[in-house]
Amino acid sequence: MSWKPTPASADRLRAKLDDEFETVAKPEGLRRSSDARREREAAAPSVEPDIWQRSSEQRGNARGSRIGAASGRTSDRVSGRAADGAAGRPSTAEDEAAAPDTGKPARKGPSLKMRAVGYLSRREHAREELARKLAAYAEDVDEIESVLDALEKEGWLSTERFAQSLVHRRASRQGAARIVQELRQHGVDDTQVAELREQLRATEYDRALEVWKKRFDAKPEDRAVYAKQARFLASRGFAHDVIRRILGEGEDD
């Protein structure tokens, strides 16, 4: 006896087969979708890393250019400072050996005559005094003498005028003895010194009295005060007879 499916059982069998087919078909579809997604992801990064690599290389090149430019500027500044330092540093033994030997020291600054005129423009100088000041800048004595002769001829230098100027500046504060001593130290001629001493002696008392009044209020009352005031006037170069006239006759000289 053969079994024949009824329409109802046929429907149930068909529905069961459909369920089984869907159950089998879904994982395969999912697998196909997952495989397709992985293939796309595998293909997409192949482009992006190349872009990233090019961008990284460009940034590296730009950074290298900036570093190179900064290094160049730093090198230029260092070179400039080195050149400036070489120009301003003291000469070394190697530099002196490389420099040509002319047998004479290199002169720097104003000429000898210009230095002398600078001194004379400030105040009068005696010939010997000016010669001493120029000695530090001259190569030999003959050069100094030549400059001094020229200055005297041109009227810049005059020992006589210097002597008159010194007396004028010192007379209100010093006595004849001290002024005469300074004139002789500067090489003023003895004849002129003698003339100036006579002029100073003629006004010695009046000048000493003014100096004493500026320092003291009254004449000494005892021996100690007398000695103090006398020493002060004598240190200024005033004569002893003038000091006695101003202070009166003391018990001792």
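Here is a tour of ring pairs, charges over rings and salt bridges. Keep in mind that you're looking at a predicted model.

**Stop one: the rings**

Start by selecting F216 and F232, which form an aromatic pair. The structure holds 1 such pair. Turn the view until you see the edge-to-face arrangement, with 5.5 Å from centre to centre and 85° between the planes. F216 sits in the loop between α10 (204-215) and α11 (223-235), while F232 belongs to helix α11, so the contact ties together parts that are 16 residues apart in sequence.

**Stop two: charges over rings**

Next, pick Y137 and look over its face: R115 is there, 3.9 Å from the ring centre. Then hop to Y205, where R245 lies over the face of the ring, at 4.0 Å from its centre.

**Stop three: salt bridges**

Side chains of opposite charge can pair when their charged atoms come close. How many salt bridges does the structure have? The count comes to 9, and we'll visit some of them.

Select E154 and K113, whose side chains meet in a salt bridge at 2.8 Å, N to O. E154 is in helix α6 (residues 141-154) and K113 in helix α4 (residues 112-122), so this bridge ties together parts 41 residues apart in sequence.

Now go to D241 and R201, another salt bridge, with 3.5 Å from N to O. Here helix α12 (residues 240-247) supplies D241 and helix α9 (residues 190-202) supplies R201, so the pair links parts 40 residues apart in sequence. D241 is partly exposed at 37%, and R201 is partly exposed at 38%.

**Last stop: a network**

Finish by selecting R127, E145, D149 and E152 together. These residues are linked in a network of salt bridges.

Definitions and conventions:
Residues numbered from 1 in each chain as written. Predicted model: local features only at pLDDT ≥ 70, side-chain atom pairs only at ≥ 80, totals over all residues. Heavy atoms only, no water. Phe/Tyr/Trp six-rings, centres within 6.5 Å; stacked < 30°, edge-to-face > 60°. Helix = DSSP H or I, 4+ residues; strand = E, 2+ residues; numbered from the N terminus. Lys NZ or Arg CZ within 6 Å of the ring centre and 35° of its normal. Salt bridge = Lys/Arg side-chain N within 4 Å of Asp/Glu carboxyl O. Buried < 20%, exposed > 50% of the residue type's maximum accessible area, 1.4 Å probe, protein only.
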